[in-house]
Amino acid sequence: MRNQPGVLIVEDEPAIAELIAINLRHNGFRPTWAMDSVSAQRELDAVLPDVVLLDWMLPGESGLTLAKRWRANPRTKAVPIIMLTARGDESDRVAGLDAGADDYIAKPFSTKELLARVRAVLRRRAPEQAGGVVSIGGLMLDSATYRVSFGANMLKLGPTEFKLLHYLMKHAERVHSRSQLLDKVWGDHVFIEERTVDVHVKRLREALGTAGHMIETVRGAGYRLTAQAAQPTSGAAPSQVGV
Ligand code: CA
């Protein structure tokens with residue numbers, strides 16, 4: 001499964017939201033839609049999207065007010081925001097950018113341009129995810145194409161397992177505690193138990209198949225990805241003495 005970037009569309013006009021959502025979906029994004037500030041806040045409280053497309057004129061609080069509030073909150077301040085609006089005056093653009101928007105698109109816009117802007121903010125916000133290939137002990141992860149392979153085999157990973165593996169590979173040979181992993185990999189979720197880490201490590205090992213043992217459990221400390229745990233040879237199994 002691909003790790004599709006999540007895009008929250010905050011837009012009160014269903015026709016526009018639908019058009020954007022369809023185009024995003026066709027281009028490998030995972031759109032969700034909130035039609036006012038209250039539901040937008042609820043979405044953001046549940047899961048942080050990779051990008052927010054934020055309409056300026058909304059019922060209730062305006063997009064500008066939302067952008068300011070999200071920028072002031074440590075949890076949401078790094079989420080890229082693209083303001084969508086019919087307002088195209090320079091003073092409005094400046095106000096949008098001052099409120100913390102990363103970019104600004106005036107309606108009517110072409111969906112091609114919108115997609116290009118979304119990709120651009122994703123690249124800017126996550127430079128390490130733009131075409132970064134990490135390779136350790138035959139295990140290879142390409143964060144641009146979301147592909148993982150071990151030797152000649154392509155592997156299928158869920159989105160969380162992908163993020164977890166990416167982090168462990170970028171910081172290989174080091175031991176990471178469960179709480180560190182929660183912070184670095186799940187950082188966008190508020191309520192998650194440490195046990196969740198174990199569940200996903202287990203799934204990751206299963207998905208990695210013969211490379212699964214590269215992820216070591218360090219008792220009382222956490223987990224480590226290591227190239228030292230050499231892949232078992234396909235030839236004669238080593239004789240085992242004791243357990
Ligand atoms: Ca509107």
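**Aromatic pairs.** I searched the whole structure, a predicted model, for aromatic pairs (rings of Phe, Tyr and Trp, the last by its six-membered ring, with centres within 6.5 Å) and found one. The ring centres of Tyr-146 and Phe-162 lie 5.1 Å apart with their planes at 55°, so I recorded the pair as tilted; planes under 30 degrees apart count as stacked and over 60 as edge-to-face. Tyr-146 sits in the loop between β7 (139-142) and β8 (147-150) and Phe-162 in helix α6, so the pair ties together parts 16 residues apart in sequence.

**Source notes.** I number residues from 1 along each chain as its sequence is written. In this predicted model, local features need pLDDT of at least 70 and side-chain atom pairs count only at pLDDT 80 or more, while totals for chains, interfaces and linings use all residues; side-chain values use heavy atoms, with hydrogens and water left out.

**Helix α6.** I noted Phe-162 as buried, at a relative accessible area of 5% (buried means under 20%, with a 1.4 Å probe and protein chains only). Other buried residues of α6 include Glu-161, His-166 and Tyr-167. I checked the length of α6 (residues 159-170): its 12 residues should span 16 Å at 1.5 Å a residue, and the end C-alpha atoms are 17 Å apart, which agrees.

**Sheet.** I traced an open sheet of five strands in the order β2-β1-β3-β4-β5, with parallel pairing (strands pair if DSSP finds at least two bridges between them). Strands β2 (30-34) and β5 (103-106) stand at the edges with a single partner each, so one side of each lacks a neighbour in the sheet. Strands β3 (residues 51-55) and β4 (residues 81-85) pair over four bridges; Leu-53 has Ile-82 in β4 as its bridge partner.

Key: Helices (H or I, at least four residues) and strands (E, at least two) are DSSP runs, numbered from the N terminus. The expected span of a helix is 1.5 Å times one less than its number of residues. Buried means under 20% relative accessible area, exposed over 50%, partly exposed in between (1.4 Å probe, protein chains only).
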